[in-house]
Amino acid sequence: MRTDIFARLDREPEPPKIVAPRMSRHRAALFGGTLAFYLAIVFAVLVTSWLVVLDWKVMLFRPYQQWPELHAFLDYYVVLGQRGPTAVMVACWLGWRSWRQHTLRPLLVLGTSLLLLNVTVGAVKLGLGRLGPHYATQIGSAEMFAGGDIFPSGHTANAVVTWGILAYLATTPRARRYLSAASATVSLGVGLTTVYIGTHWLSDVVLGWAAGLLILLALPWFEPLIARAESWIFDVREQWRARRRAVRQVRAPGVVPQPVLLPQSIAAEVAAGAGTPAAHLATGARARAHHVPTACPERPQSAPSGTRRPQPHPEHGSRGTASPAPAGPLTGG
């Protein structure tokens, strides 16, 4: 007997009607507010404001020394923000959803978000060049344009985007609420964990949260491009399948090769053990030169020249020889 849990593992007979989110006024307002907050954080760090002072206070407090019992657990927990492991886990889940719902949209949305994350966050990291707490050179300095790459926090932004995609792709409001709360909790914990370990300033984490949220809010602008890419991929697949079907129909059935009858002298040489490659090639050439076609049982062989074919007896039709008269007494008429 099948239960509802196992029934949900089956592939849906028809693709569901999925409505892609649009850039509504509410979402556009959130995007504008988050962008303003993002720029404000960058400006506050560039001018070495109170935010940089807070960064140094948290760094000199050394949370990993205050609560050392949490260090072992948080070393594993921070992996939830690493790009490689999280991308593989989420891609496996979304790949199953794509197969079940006959659509490539979940995987294409994930790929688009990760591409935007790498381009935007990576460009800001390399452009600002901030050094991390372990490599700071002067107390109270913002450590900007010094060849670093930690502002904003990549772990934090990746956690926001990777786990937030699950909420973005949710098909019901209830699932969207639960997944949004779960992804916010994970990304918040990952960001604070990097501050606890000492690999990021607090402002790095705050900017990472804003960077990841900007990418999630901007995804509806890329939905038309994702839909066109999905349609193009399906069209290419159908063309490839049609080409394969056409090749199967045009291709003629294979002809079974007929055995070659070897003359007695060549067959004797083969049986005697002429095993060298040159001997096999010579044997094959001689076999083709002396090839005698196989006799067809339905068609009689032609008589050799010089041999007279027996003529049919006039009393027996098409028979070649006259049949003897049956033995017995002759009777008169």
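Predicted model: local features only at pLDDT ≥ 70, side-chain atom pairs only at ≥ 80, totals over all residues.
**Overview of the protein.** Of the 333 residues in the protein, 31% are buried.

**View 1. The largest pocket and its lining.** The largest pocket holds about 600 Å³ of space and is lined by 21 residues, among which Gly-164, Ser-180, Leu-213, Leu-216 and Leu-217 lie nearest its centre. Two or more lining residues come from each of helix 2 (25–46), helix 8 (154–168), helix 9 (173–197) and helix 10 (202–218), and it is helix 9 that gives the most, with six residues. By residue type, the lining of this pocket divides into 12 nonpolar, seven polar and two charged residues.

View 2. The protein has five aromatic pairs, one of which is formed by Trp-93 and Trp-96, with 5.4 Å from centre to centre and 35° between the planes, an arrangement that is tilted. Both residues belong to helix 6 (residues 83–101), where they are three residues apart, about one turn of the helix. Trp-93 is partly exposed, with a relative accessible area of 46%, and Trp-96 is also partly exposed, its relative accessible area being 28%.

View 3. For comparison, most peptide bonds are trans.

**View 4. Two loop residues with positive phi.** Most residues other than glycine have a negative phi. His-102, although not a glycine, has a positive phi of about 60°; this residue is placed in the loop between helix 6 and helix 7 and counts as partly exposed, at 24% relative accessibility. Glu-143, also not a glycine, has a positive phi of about 55° and is placed in the loop between helix 7 and helix 8. Glu-143 counts as buried because its relative accessibility is 4%, and buried means under 20%.

View 5. Asn-158, which lies in helix 8, counts as buried at 1% relative accessibility. When its neighbours within four places in sequence are left aside, Asn-158 is in contact with Gly-81, Gln-82, Arg-83, Thr-86, Leu-114, Leu-117 and Trp-163.

View 6. Ile-226 has its place in helix 11 (residues 223–250) and, at 4% relative accessibility, counts as buried. Not counting residues up to four places away in sequence, Ile-226 touches Arg-105, Leu-108, Val-109 and Thr-112. Pro-106 is 120 residues away from Ile-226 along the chain, and the C-alpha atoms of these two residues are separated by 9.8 Å.

Technical notes: Residues numbered from 1 in each chain as written. Heavy atoms only, no water. Phe/Tyr/Trp six-rings, centres within 6.5 Å; stacked < 30°, edge-to-face > 60°. Helix = DSSP H or I, 4+ residues; strand = E, 2+ residues; numbered from the N terminus. Buried < 20%, exposed > 50% of the residue type's maximum accessible area, 1.4 Å probe, protein only. 1 Å grid on protein atoms, 1.4 Å probe; cavity = no way out; pocket = protein on both sides within 12 Å on 5 of 7 lines; lining within 4 Å. Points joined across faces, edges and corners; volume = space filled by probe spheres on them. Nonpolar A, V, L, I, M, F, W, Y, C, P; charged D, E, K, R; others polar. Contact = heavy atoms within 4.5 Å.
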